[in-house]
Amino acid sequence: MKIGFIGLGIMGKPMVKNLLKAGYEVFAYDVVTANLENVTTAGAKVAVSSKMVAECCRIIITMLPNSPHVKAAVCGKNGVLESAKRGTILIDMSSIAPLASQEIAKACAEKEVKMLDAPVSGGEPKAIDGTLSIMVGGDRTVFESVKELLLTMGASVVYCGGIGAGNTTKLANQVVVACNIAACAEAFTLAKKAGVDPQLVFEAIRGGLAGSTVMNAKVPMMIEGNYRSGFKVDLHIKDLNNALETGHGVGSPLPLTAQVMEMLQTLRADGYGQEDHSALSRYYAKVSGEKIGM
């Protein structure tokens with residue numbers, strides 16, 4: 001089966017490679033030549049535009065930074081909808097605003113193209129392993145028709161509701177992750193400031209109620225002073241912007257999210273936007289004068 005794939009960044013490249021390993025024929029496109037070369041070496045075929053991807057494939061995946069990029073790739077000049085055939089399925093795996101997903105889905109419907117929004121969680125390590133968590137919105141019948149395909153990239157594929165539900169679920173995920181990382185940074189800075197070894201605190205509480213996947217993944221990075229990006233501060237700012245916009249639109253206050261957003265904005269202003277979001281510990285080091293680790 002031929003699969004089109006648009007967007008070959010940190011997440012897109014390993015996702016394409018997992019599709020290739022599963023035996024799919026992949027036609028890939030990205031504006032960055034080096035990204036294309038990376039996946040063509042693994043066996044993907046080159047497309048020169050989003051339009052060409054749609055000419056070659058009846059199932060197309062997009063994995064792009066934000067709403068404007070998806071709109072341009074799908075609805076813009078040389079975009080998917082210029083050449084997509086009736087019955088084509090577009091699976092947008094980007095993390096974008098739910099309203100944007102609904103707008104793009106409406107444009108697709110006018111061309112008789114079916115769309116799912118299917119953002120992911122797990123970052124680069126799980127994209128490489130093919131164990132992403134995938135949250136899907138759209139028509140349930142369309143979802144069932146591509147579920148096996150999605151399982152080549154994820155360990156968990158869950159139907160969440162109509163179009164936009166996938167991205168609403170992802171926003172909820174990003175709120176929980178952001179607040180959890182900030183709480184970890186705050187707590188372990190307290191421990192260090194009080195003279196207790198953060199590593200011992202981590203070992204003591206990780207198995208209790210405070211323990212979490214976030215703590216296990218991010219606190220060791222804080223202790224090591226290792227902020228090599230698995231998920232960039234700048235990308236989390238994008239997601240929280242979408243969460244705040246959505247919250248304002250539906251009348252759901254997000255005071256904790258707004259506070260963590262300001263912390264992330266401080267990190268960006270200090271030049272740490274390309275670091276991992278575990279760099280929230282840098283914010284606490286700045287305001288407390290105490291580093292958790294090295």
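**Helix H13, its partners and selected residues**

Helix H13 is followed by Gly 289, whose phi is positive, near 80°. The model described here is predicted. H13 spans residues 280-288. Its buried residues are Leu 280, Ser 281, Tyr 283, Tyr 284 and Ala 285. The cover over these buried residues of H13 includes H8, H10 and helix H12 (255-269).

The packing of H13 against H8 was examined next. Helix H8 covers residues 165-193. The axes of H8 and H13 come within 9 Å and cross at roughly 40°. The crossing of H8 past H13 is right-handed. On the H8 side, the contact is formed by Ala 178, Ile 181, Ala 182, Ala 185, Glu 186, Thr 189 and Lys 193. On the H13 side, Leu 280, Ser 281, Tyr 284 and Ser 288 take part. The residues of this contact divide into six nonpolar, three polar and two charged.

Val 177 touches Val 214, His 236 and His 277, not counting residues up to four places away in sequence. Of these, Val 214 falls within H10, which runs over residues 213-224. Glu 110 is 67 residues from Val 177 along the chain. The C-alpha atoms of Val 177 and Glu 110 are separated by 36 Å.

H10 in turn packs with helix H9 (residues 198-205). The angle between H9 and H10 is about 170°, and their axes are 10 Å apart. This angle makes H9 roughly antiparallel to H10, because values over 145 degrees count as such. H9 contributes Pro 198, Gln 199, Phe 202 and Ile 205 to the contact. H10 contributes Met 215, Asn 216, Val 219, Pro 220 and Ile 223. By type, the residues of the contact of H9 with H10 are seven nonpolar, two polar and no charged.

Elsewhere in the chain, Ser 67 is found in helix H4 (residues 67-75). Ser 67 is buried, with a relative accessible area of 9%. The side chain of Ser 67 reaches the backbone nitrogen of Ala 97 at 3.4 Å. Leaving aside neighbours within four places in sequence, Ser 67 is in contact with Ile 96, Ala 97 and Ala 100. Ala 97 therefore features both in the contacts of Ser 67 and in the 3.4 Å approach, which falls within the 3.5 Å cut-off for a polar contact.

Most residues other than glycine have a negative phi. Asn 78 is not a glycine, yet its phi is positive, about 60°. Asn 78 sits in the loop between H4 and strand E5 (89-92). Its relative accessibility is 37%, so Asn 78 counts as partly exposed. Glu 112 likewise has a positive phi, near 60°, in a residue other than glycine. Glu 112 is found in the loop between helix H5 (98-110) and strand E6 (114-117). With a relative accessible area of 43%, Glu 112 is partly exposed.

Key. Residues numbered from 1 in each chain as written. Predicted model: local features only at pLDDT ≥ 70, side-chain atom pairs only at ≥ 80, totals over all residues. Heavy atoms only, no water. Axes fitted to C-alpha atoms, helices over the stretch in contact; angles between N-to-C directions. Helix = DSSP H or I, 4+ residues; strand = E, 2+ residues; numbered from the N terminus. Parallel < 35°, antiparallel > 145°, perpendicular 65-115°, else oblique. Contact = heavy atoms within 4.5 Å. Nonpolar A, V, L, I, M, F, W, Y, C, P; charged D, E, K, R; others polar. Buried < 20%, exposed > 50% of the residue type's maximum accessible area, 1.4 Å probe, protein only. Polar contact = N/O pair within 3.5 Å; in protein donor to acceptor, adjacent residues only side chain to side chain. Left-handed = near helix turned anticlockwise from the far one by under 90°.
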